[in-house]
Amino acid sequence: MTTDVHQLDDGAWVSVNDSREVNVSDLWLLAEHDLCGCEVADFLAEGVVEVGVEPAGPAVQSRFAGRCIRCGAEGVTGWLTVGRVVDPADGGFRGVDHESIHLVDG
Amino acid sequence: MPSKVENWKSEVYGAEIREHLMRFAEEGWDAIPDEEHDAWFERFKWWGLYHQRSGQESFFMMRIGTPNGVLKPGQLRVVGEIADEYARGPAQNPEFGNAYCDWTTRQSIQLHWIKLEDVPEVFEKLEANGLSTQQACGDSWRNIVGCPVAGKDTHEHIEAWSVAENLNETFKGDEDHTNLPRKWKVSVTGCDQGCGQGDINDLAFEPAEKDGELGFNVRVGGGLARKEARFARGIDVWVPREQVPDVAGGMSALFREYGDRDNRFNARIKFLMDEWGPEKMRRVLQEEFVDFELPRAGEDMREQYTYNAGDGQHGDHVGVHEQNDGNYYVGLNVLVGRMGVDGVLELADLAEEYGSGEARLTQRQNIIVTDIPEENLDPLLDHDLFEHYSPDPHPFMRGSIACTGTEFCSLSIVETKNRQVRYARWLKENVDLPADIEDFHIHLSGCTASCAQPQIADISLRGMKTRKDGEPVEALDIGLGGGLGENPRFADWVEMRVAADEVPGAIANLVENFEAERAEDESFRDFVEARDEETLAALVEPEETDYDDPYMHNTKQTWYPYAEGDDSLDASPAPTDGSGDPLPSDD
């Protein structure tokens, strides 16, 4: 099946195949980002801005609005992988561990 | 390209959602196809049903729209009875028990833990008593707000309740206005105090005189959400009361045609106002959406506005006040807007016994009983209920507003209502306000959606996170000096990411510094306005005190923040069937 992703409830959720999967209000550790001057941003995701599926693979990506709680800089992230569709047959999704360090794409 | 939500709306939206909702309710939660969940939950909002957050699947928040906050005689009892029977969840709230009503900042009512299967019975009872959830959420005309004592107010110049009621009856269900790009919030004010809070609405009618006739000036484009706060701007239009529906319909149609349907984050009319400015807004309204010549703005009464104007004259409608007919209204303080059903039902009895039976909800999450003859005041006020829901509360109890928070809401970052209750109690016990300050507003909003209207409070609190000893904890940004009045002002955000257990200490230090440094009789708002953010930040000194905060952990990662025993998402009983019994998992 194709993977259907969208933001939901005014940016509260990343929905994957009609299942609420990734919520706002978590802290994400971001490396190689242009959000602020912190080497690793400690980023509070306050709202989902955009969602997408990586063309070459099953990765679900999102851009979040929020703030680095280390330095206070506000902004919108680049594309961040929030999980993967692990079962293309039934659309099953597995989210990444937001507490590990993530690379921001673009 | 239209957003996904617009695509869902183009398939089914408005009144027709109801037949599907009723079918799902009859067949049960499992009847909603998994792959259609998001579309249906988005549509159900139009009928006032908002799917609760993760861990609470199959339960809904139900919003009842009460225009201008008016609950006609008998309706308060109906709301209480519905909450008692249907708004009982699988866990208790330690401050409020089970079964309660939330009075909202838009003079609406929210009930929680509503099961889909119960919706037909609830609708039947509501509608049999003149109440409705229609368009309480979703992309259309929301509950119309106004001065909560419109029609009875000694300060009223143009009777506003019938204007608001007429707008409600005209536009709720009007198919030309049921599918807008985004929510549409309207305020009608008839008094000279500014209690309608028009400045923070998409469309506001405010009293104004033109050529000796009283009518309304029109303002457009206010709103607080998403760090994009705007005050509504005058569009140089005056309208006589009989043409209010024409202008309101014209503006709503303008929004329908020109609002952004591609990007929901850019959809509210405040962004169109940013782009067009008030002159173009007026021109397009005139040329395309009304068929009579719009008079230029009349002389408004904003100079007289005292409501939340920072001078302490008129902070709310709490207390005993005379009406324009010689009877009295009694405004009760409802801390953070949440009232247990026993209190609701008792108040309904008292309203009938001592008054007309009518009650009204305010934009400060409080409730008013109206039409009390003078001789009934003392016997009414003798009842024990008024000790808990006081007409003469302590300023910290009186000034507290909080949104729903992580208890039920997907967007919120922090726990709010129970925390604000604890804050208010601690502040009352530990902090002395200057003797001349009777109103001091502290608003706690769990996120940037700003449902608690933090930007127009003396102290604004907004959900955040920080780390304490390396561990993530719930935190709040602190803003100061917001309010309405002739010259409204948004709060300055001066101290960010304060751990939630250090906020009461920060407020205590701020109040102490304010009292020490203020000029004689200087209001808090003037005090803030006269100082830059750096100076103000130095006056806010967060610190731990003996205040204890049980909600410092990530409350969003529980299925219910106050669940006893295992509160993890895996321990959730949801989703349940119509009897509240857990349904088998798909896994």
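**A guided look at chains A and B**

Visitor: Which residue in β5(B) does B:Asp102 stand opposite?

Guide: Happy to start there, with the reminder that this is a predicted model. Strand β4 (residues 100-103) of chain B pairs with β5(B) in the antiparallel sense, over 2 bridges. Within β5(B), the residue standing opposite B:Asp102 is B:Gln110.

Visitor: How many residues lie between β4(B) and β5(B) in their hairpin?

Guide: The turn of this hairpin includes B:Gln107, which has a positive phi of about 60°. Counting what separates β4(B) from β5(B), the number of residues is 5.

Visitor: What is the bridge partner of B:Arg63 in β5(B)?

Guide: Here another strand comes in: β2 (residues 59-64) of chain B is joined to β5(B) by 5 bridges, and the two run antiparallel. In β5(B), B:Arg63 has as its bridge partner B:Gln110.

Visitor: Why is strand β5 of chain B described as largely enclosed by the rest of the structure?

Guide: A residue counts as buried when its relative accessible area is under 20%. Strand β5 covers residues 109-115 of chain B, and it is largely enclosed because the number of its residues that are buried is 7 of the 7.

Visitor: Which strands are at the edges of the open sheet of 5 strands in chain B?

Guide: That sheet has antiparallel pairing and the order β3-β15-β16-β13-β12. An edge strand pairs on one side only, and the ones that do so here are β3 (70-71) and β12 (319-322) of chain B.

Visitor: In β13(B), what is the bridge partner of B:Glu322?

Guide: β12(B) and strand β13 (residues 328-332) of chain B run antiparallel and are joined by 4 bridges. In β13(B), the partner of B:Glu322 is B:Tyr328.

Visitor: How much area do chain B and chain A bury between them?

Guide: The contact involves 38 residues of chain B and 33 residues of chain A. Carbon and sulfur atoms account for 44% of the buried area, and its total is about 2700 Å².

Visitor: How far apart are the closest N and O atoms in the salt bridge of A:Asp9 with B:Lys45?

Guide: Between chain B and chain A the count is 8 salt bridges. For A:Asp9 and B:Lys45, the closest N and O atoms are apart by 2.9 Å.

Visitor: Which element gives the largest share of the side of chain B that touches chain A?

Guide: Elements giving two or more residues to that side include α1 (4-11), α3 (37-44) and β20 (471-480) of chain B. The largest share is 5 residues, and the element that gives it is β19(B).

Notes. Residues numbered from 1 in each chain as written. Chains lettered and ligands numbered in written order. Predicted model: local features only at pLDDT ≥ 70, side-chain atom pairs only at ≥ 80, totals over all residues. Heavy atoms only, no water. Contact = heavy atoms within 4.5 Å. Buried area = accessible area lost by both parts, 1.4 Å probe. Salt bridge = Lys/Arg side-chain N within 4 Å of Asp/Glu carboxyl O. Pairing = 2+ DSSP bridges. Buried < 20%, exposed > 50% of the residue type's maximum accessible area, 1.4 Å probe, protein only.
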